Amino acid sequence: MCRVTEFRVLDDSTAWREDVERRLVDAYTAAGLGAAAAQEYLTKGRALAGDWTVAEIADAGARAGCVAVRVGEERGVLTGRIGDLHIDAGHTGRGHERAAREWAEGWCAERGARRVGVRLTDPALGEVYAAYGVRGQVRVRPVGAAPEPADGVTERPMTQAEYTEWLAQEKEAYIDGIVRSGAMSHADAVRKSDQDFAELLPEGLATPDTTLLVLEAAGEPIGTGWLKHGYLPGVTYGYSLHVPEAQRGKGYGRAAMAVGERATFAAGESALMFTVWGGNEVAMNLYTSAGYGILDEERSAELP
């Protein structure tokens, strides 16, 4: 435990922003993104959007790290955000991490926040936020070669008739995943689904840089795939690699991952990314066993 953890709000956060941007890019490249993709992901993810209050953490007068917080409305609820919680080398393991989280929660609560969220890129902080519910993860894996088809699973382009049915099912699954994670109400999830699919598939099957596939085994459909190429420089984003419940437990989930990796390699890209909603431990375990690391993780908790 630490002897004393002190907090001093900084008047100028410029140096902090430069430092945290560097640390985030380093974390993204360590997870498997190329340098250009890591830099663009930092911008696209808007992890540092908004005005942040930054406090220096001190241990008996000596700097020990920093913590950044802000409060704003998210989906109609006043919500706090912990944008950074960093303990300098030599000061970890003394209780500063927990003290900083509690200080941040108190700061947000004093300003009326009803919940607080954090986007984790440092696995070492997972224990500090153990009481926070996991709302979603972004997973990534480098792809250096096209894997061989697994379990006899092959892929072919989706037909227009299949697309119509697939779209309705995909939207419903998307809504269910959001609601199950606790991120939104059902009504908000429906609105988000309608908006997101309209933006992501404006031309349906003909949407540029988009691959829509049907996965087959022994000539029978056993799943679908939806991939976006060029999501980041050299990165394909897997919006969905879906195996119906009736086909699960046969190894098709891992085979679907191989399909996504082959499509990524065929597009000339070197990494495949996915998002998995909180509450879907089956998918999380599958990604982990297939070598997909956590790029970042969204967690949140209610405040007293």
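A charge is taken to sit over a ring if NZ of Lys or CZ of Arg is within 6 Å of the ring centre and within 35 degrees of the ring normal. By this criterion the charged end of Lys-44 sits over the ring of Tyr-231, 4.0 Å from the ring centre. The model is predicted, so that local features need pLDDT of at least 70 and side-chain atom pairs count only at pLDDT 80 or more, whereas totals for chains, interfaces and linings use all residues. Residues are numbered from 1 along each chain as its sequence is written, and side-chain values use heavy atoms, with hydrogens and water left out.

Tyr-231 also belongs to an aromatic cluster, which is formed by Tyr-163, Trp-166, Tyr-174, Phe-197, Trp-226, Tyr-231, Tyr-237, Tyr-239 and Trp-277. Rings of Phe, Tyr and Trp (its six-membered ring) are paired if their centres lie within 6.5 Å, and planes under 30 degrees apart count as stacked, over 60 as edge-to-face and the rest as tilted. The structure holds 14 aromatic pairs. One of them, between Trp-166 and Trp-226, is edge-to-face, with 5.5 Å from centre to centre and 90° between the planes. This pair links distant parts of the chain, since Trp-166 lies in helix H4 (residues 160-181) and Trp-226 in strand E9 (residues 220-232), 60 residues apart; helices (H or I, at least four residues) and strands (E, at least two) are DSSP runs, numbered from the N terminus. Residues are called buried under 20% relative accessible area, exposed over 50% and partly exposed in between (1.4 Å probe, protein chains only). Trp-166 is buried, at 4%, and Trp-226 is buried as well, at 3%. The rings of Tyr-231 and Tyr-237 form a tilted pair, because their centres are 4.6 Å apart and their planes lie at 35°; both Tyr-231 and Tyr-237 are buried.

The buried residues of H1 are Trp-16, Val-20, Arg-23, Leu-24, Val-25 and Tyr-28, and they pack against helix H2 (35-45) and strands E2 (53-59), E3 (62-74), E4 (77-87) and E12 (293-302). After H1 comes Gly-32, with a positive phi near 130°.

A nonpolar core is a set of buried Ala, Val, Leu, Ile, Met, Phe, Trp, Tyr and Cys residues joined through side-chain atoms within 4.5 Å. In the largest core, of 25 residues, those touching the most other members are Trp-16, Tyr-28, Leu-33, Tyr-41, Leu-232, Met-273 and Leu-295. H1 gives the most to this core, with 5 residues. Contact, defined as heavy atoms within 4.5 Å, joins Tyr-28 to Leu-33, Ala-38, Tyr-41, Leu-42, Thr-121, Leu-295 and Asp-296, when residues up to four places away in sequence are not counted. A second, separate core of 23 residues includes Tyr-252, Ala-263, Ala-283 and Tyr-287.

Gly-225, in strand E9, is buried at 0% relative accessibility. Most residues other than glycine have a negative phi.
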